[in-house]
Every structure is written in structure tokens, then in C-alpha cells.
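Good morning, and thank you for joining this meeting. I ask that you keep the sequence and the structure in view while I speak.

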Amino acid sequence: MKANAERVGPAVPSKRLVVGRAAWWIAKPRARPPAPLTLMAAIREEESAARKLSFADAVKDLLQNLSFHCYGKLVEHGRGIQERFFWLICHITALTMLIAFVWGTYKDAADELVTTLYDPLYAVSKVPLPAVTICSQNRLSRRAVWRYAQELSSKDPRKRNATYFYTELRAFSLYYGIDENIDDERILRLQSLLDQLDTRPHDLFFNPKERLRILTPKCSDILISCRLGGRPFDCMQEFQQTLSSFGFCCTFNSNGRYHFFGVDMGLTLTLRAAVDDRFINKNDQDGFAIALNEIHNYPDPQSGGVTVRYLKTGRSTYLPVRPQILETLQEARRIRPAVRKCRFWDEMPHNFTRRYTFSKCISACRAHSIYSLCQCLPFQLPMHYIGGATGRLFCTLQHMQCLRHYTFKWMNVITSRDYVPGLEHEMEDALYCPHCLPSCSEIRYNVRGAGALTLRNPFGNMTNVHDGNISSPGNNNYGHDSSELAVVRIYFAETHIQYFRQIIKNDWYEIFSTIGNICGIIAGFSLIGICELLFFVAKQLWHAYKAERKSELFHTHCHTPRRSRARTRANGRAKATQQRQPMELLILP
């Protein structure tokens, strides 16, 4: 025994294992790792962690910690029901006032543009002279009509004399709105003759526009002397024949390159209305109609933007022009035309010769209505207003009855329909042009303080320039009676004018600042508080979405094992059935 003990050796002292504190130390290396959580347990654990607060508790927590003023008093501990009801009424009243003020601010900001006085002393020397259109009250020349009557007589197969046609041609007064009390049968008979005798090879019907251009008094017969800025100039080089609502007229400064002011620095014209050449007179008196309008505009007084004055022969008329400039800044282009209530010159370029004006738009709207109702276009209106000359027909004498029928409609134009008691029928019968808006930038030429003096010696201080030949002053050089002459002086009456600008009333940052001030004063709102409220709403929506997704996952997990087990059982029963079937024995001979 002793030998065995000696053989074994001395006893080894027992050792204790000390658990280390290192992160990698495993306290129980032989212990089984924790069993992984099932899917349902994981879902329940996440739901319990996510939903620590109910929705009501979350709202209470929001109100207690929200940056908005006094909302925590609604859920503050220790306050009675009466005090909480009082604070609720206060908050409802504040929110109602806030909505009212913010809506009023928005409605006020909807009027985007505001007109301000940009320069009260703008030099008039920088403003171009208006386009001056001169139209004779004698619409047709008697000599030209007589020559035309002779031409028709020579073509007439029945050989009727020129006097017959000269008398019948008085029906042409209907083209200018002058009623000569001619019965419709005579008018239609004359139109039938014109379709037969005065039709060009490429025309199917009589072309009144070209014929009336030939019959209108020429500019060389009307203009006797012209002077601009105290210097004479050739009238025929600066005046050109153009169309207006009066018919064919003579227009000066259509490109707007002249800038002068003062009585002696303006435009001075001497005009002649020959008494022996009168055939159709608008007002049964000799004289002229002068239209002043912005350049690139169609001179139509019925469409607006045109100032018209009438001159009498035997008088010297002074027309002091007082222009007024209205300009809209380019920043307003980002605003829709319906909101800013105006159009720039390059908007809607179609049918306006690449430059929009309010007068052109109204004239084009009237032209479309005339062509739709009467299937023709009056010769005074430009053809491009209705989309070109292909297949179009100018109004002839046979269309006059239709034109007279709708005169009231085309003379009354509205761009917006507002209810006015007592004018319901007039509003329905008027021409409605909703797409025509005022021009954003324009120059308005107003004539105020016009005067006329009896004409005594119109050429005493003037020099005539005609066809490049300069004549000495004096009335006898022309051989005209002063009763046939009219002198007009068109000039800027002031050295400085008012310059107006339309600017954006409230930019986005101004509207934002105004609404922020209102919200801060009335309800104590701030941008941080709004962010808190939005974060709360987004968080609640996210929790609701996650709960819905987990619910769908739970239902899918519960039904899938049942279906798989049922499928396995069905397969097992099918195999067992196959195994229990008897085997067939095949015996070979």
C-alpha cells in the first residue's frame, strides 16, 4: 500500500478556476446556447418594444412637449375640467382667427401685380411720337368713281351709259356704314353686275378690297405740306397707305423712330379736302379724322387704345399729346396671364403679326365673329386675323343685311361676364372675348386741351416739299382755297411725363414672412413646432404601417404550416394506398 502510494507520488493540491472579466470569456462553455426565438415570439417582442405608449398617451406626450404655446394646459395634471374647457375654447378661437387672417392674406396676395409711380419726371424726349393715321371724311373720290363707272359701261353687254353706273355706285356707301336708303333689290342687282364685269382672272367673285383701295382719295391728293421738328420733309416718303377701321388711310411714324416735343418741334401737316371731289361723306362735312395710337397697333377706335380727333377745313387745330407709360417688369412673366391680368407683346403671337396688343386682340375677336356669322370679312380688317386669305371671302353688297343685323353685338365687347342687374340681355347679346387681356406694357397717348383757330394764311410761315421740290411760301403757290385746307399741329405738351411700373406685389418670401408673423402672434406657431407636429404624424403612420405588415405576416405564418402538413398527410396516404395494391404475377411458359 505504501509502495503504491510512493509509486503514485505526492498528492497534487486542488486548483480553482477563476472566471475572467474579458469580453470574450464564456462563463458556461458547456451550457447550451439559448434557443432561437420563434417568428411569433420575435414579432411579439418587437410589438411590445414599439408600443410602449398608446396613441392617447402619445398625443398627451406631444401636447406636453410641443413648442406651440399653452397646448400643454389641455392635458396638464391637476387642472379641472372647467379650466381645460376654457383653454380648449381659447385654442379654437385662436385657430379660427388664424384661418381667417391667413385666407385674407392669400386672397390679397392673389392680386399679384401692383402699379407704382416709377419716375414722375421722365423726359418726354425719350418717348416716340405716336403713329398718326389720317383719313379723309370723303371716303371715295368722285373722279375715281366716274372713271370706274366709265370702265363698267365699256364692259356692259347691254351698253348702259356711265351715268347709270355712277348712280348705282352710291351703294358703296354701305361699306363704310353709311345708309343711302337704297332698296335691297338694287343692291343685289349691282352686286350681280360687279361679279360679271369686275372680276379678275384668279377671283371667283368681286373683290371689294382692291376696288375700294383704288377709289379712295390718294395720300398725294390729301397731303399738301409736312413739317417735323421745324423742318419740311417729303410727305410721300414718310406716309404710307394703310388699313384702318375707317378704310384706307395715310399713316406716319408706323415704326416709332421720331422723338420730338413742343409746338414747333412736333408734326405740322397741311391737308386738303377738295370740295369738287366729294362723293361719299361720313358726316356730311369736309374734314379729316386723325387717329393717334401706339406703334404696331391697328387703328380701330372701337377696340380701344386709339385716340381719334376730327378736323374741320378752314381751321388750324392744335393737338397737345400727353403720353403715359406703363411698363410691367419681366419678373411677372412667371405668373400666369389670367392671374396678372395682362399679356406681354410676345404672348399669343399668332394672328397679331408677332406683336400682341389689346386693340388687335379685340379686332381679331370681332373678325372671327363676323366670319362665323356672315361667312365673310369686311375689307377694313386684316386678313391674317382669321388665319390667312386661302378660301376667304371679303364682304360684298349681298352681305350687308347680315352685317347690319349683328351691328349691336360687334359694337359691344366684353372680356369678362359679371352680373349686372338690368343688363342681362345686353350681356348675352354682346361679343364675348375672354382671351383678350390688356397689354402689360404700353404707351397711351391722350389728347387734352385741343384747340382750333380760323385758318387765315396757312402757308405764310411754311415751305412745301412735294416730290423733292421745295416751293416758296405763300398760299397762291398752290392755288387752293383756304376753305378746303386744314392745318394740324401734333406735339407733346409737356417736357416730363409720369412713368408707371407694374411690379409683383408680394414675392414668395414676403408672403411667407407675413403668414409666419400672423401664426406667431395669434397661435404661437413656429417652424420648429410645425416640424414636431409633422414628425409625430409621420411616426404614428409608420407604427400603424408596421403593425399592419406584422399582422399580415402573422396570418401567413399560421396558415402555411397547416397547409404543408395537410399536403404531407395526403401524400403519405397516397403512397400507402399504392403499396397495399396487389402485385400481378407473370408466369412464363
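Which residues does Arg211 touch, once residues up to four places away in sequence are not counted? I shall answer that in a moment, after a word about the model and the chain as a whole. What you see is a predicted model.

The chain has 589 residues, and buried residues make up 38% of them. Its secondary structure comes to 17 helices and 20 strands. The chain exposes about 36200 Å², of which carbon and sulfur atoms supply 56%. If we take the contacts with a separation of 6 or more, residues 24 or more positions apart account for 74% of them.

Let me return to the opening question. Arg211 touches Tyr148, Glu151, Phe172, Asp198 and Phe206. To find Arg211 on the screen, please look for helix 8, which covers residues 208-215. Is Arg211 buried or exposed? The cut-off for buried is under 20% relative accessible area. Arg211 has 12% relative accessibility, and therefore it counts as buried.

A second residue, Ser125, is found in a loop, between strand 1 (113-123) and strand 2 (131-136). Its relative accessible area is 37%, so Ser125 is partly exposed; that class lies between the limits of 20% and 50%. What does Ser125 contact, leaving aside its neighbours within four places in sequence? The partners are His259 and Phe261. Please consider the pair Ser125 and His259: the two residues are 134 residues apart in sequence, yet their C-alpha atoms are 5.7 Å apart in space.

I now turn to strand 12, which spans residues 315-328. With which strands does strand 12 run parallel, and how many bridges join them? One is strand 19 (residues 485-492), which pairs with strand 12 in the parallel sense over 6 bridges. Within that pairing, Leu319 has Ile490 as its bridge partner. The other is strand 20 (residues 496-504), also parallel to strand 12 and joined to it by 4 bridges. There, Ile325 stands opposite Tyr499.

Strand 12 also has antiparallel pairings. With strand 15 (residues 442-447), strand 12 pairs in the antiparallel sense over 6 bridges, and Leu326 stands opposite Glu442. With strand 16 (residues 451-454), the pairing is again antiparallel, over 4 bridges. In this case Tyr318 stands opposite Gly451.

My last topic is the space inside the protein. How many cavities of 30 Å³ or more does the structure hold? There are 3. The largest cavity has a volume of about 140 Å³. It is lined by 15 residues, and those closest to its centre are Asn138, Arg272, Ala273, Ala274 and Asp277. Which elements each supply at least two residues of that lining? They are helix 9 (219-222), strand 9 (278-281) and strand 10 (287-293). By residue class, the lining of the largest cavity divides into 5 nonpolar, 4 polar and 6 charged residues.

Please find Arg211 in helix 8, then Ser125 in the loop between strand 1 and strand 2, and finally the largest cavity, with Asn138 among the residues closest to its centre. Thank you for your attention.

How values were computed:
Residues numbered from 1 in each chain as written. Predicted model: local features only at pLDDT ≥ 70, side-chain atom pairs only at ≥ 80, totals over all residues. Heavy atoms only, no water. Pairing = 2+ DSSP bridges. Buried < 20%, exposed > 50% of the residue type's maximum accessible area, 1.4 Å probe, protein only. Contact = heavy atoms within 4.5 Å. 1 Å grid on protein atoms, 1.4 Å probe; cavity = no way out; pocket = protein on both sides within 12 Å on 5 of 7 lines; lining within 4 Å. Points joined across faces, edges and corners; volume = space filled by probe spheres on them. Nonpolar A, V, L, I, M, F, W, Y, C, P; charged D, E, K, R; others polar. Areas by Shrake-Rupley, 256 points an atom, 1.4 Å probe, with all protein chains shown as cover.
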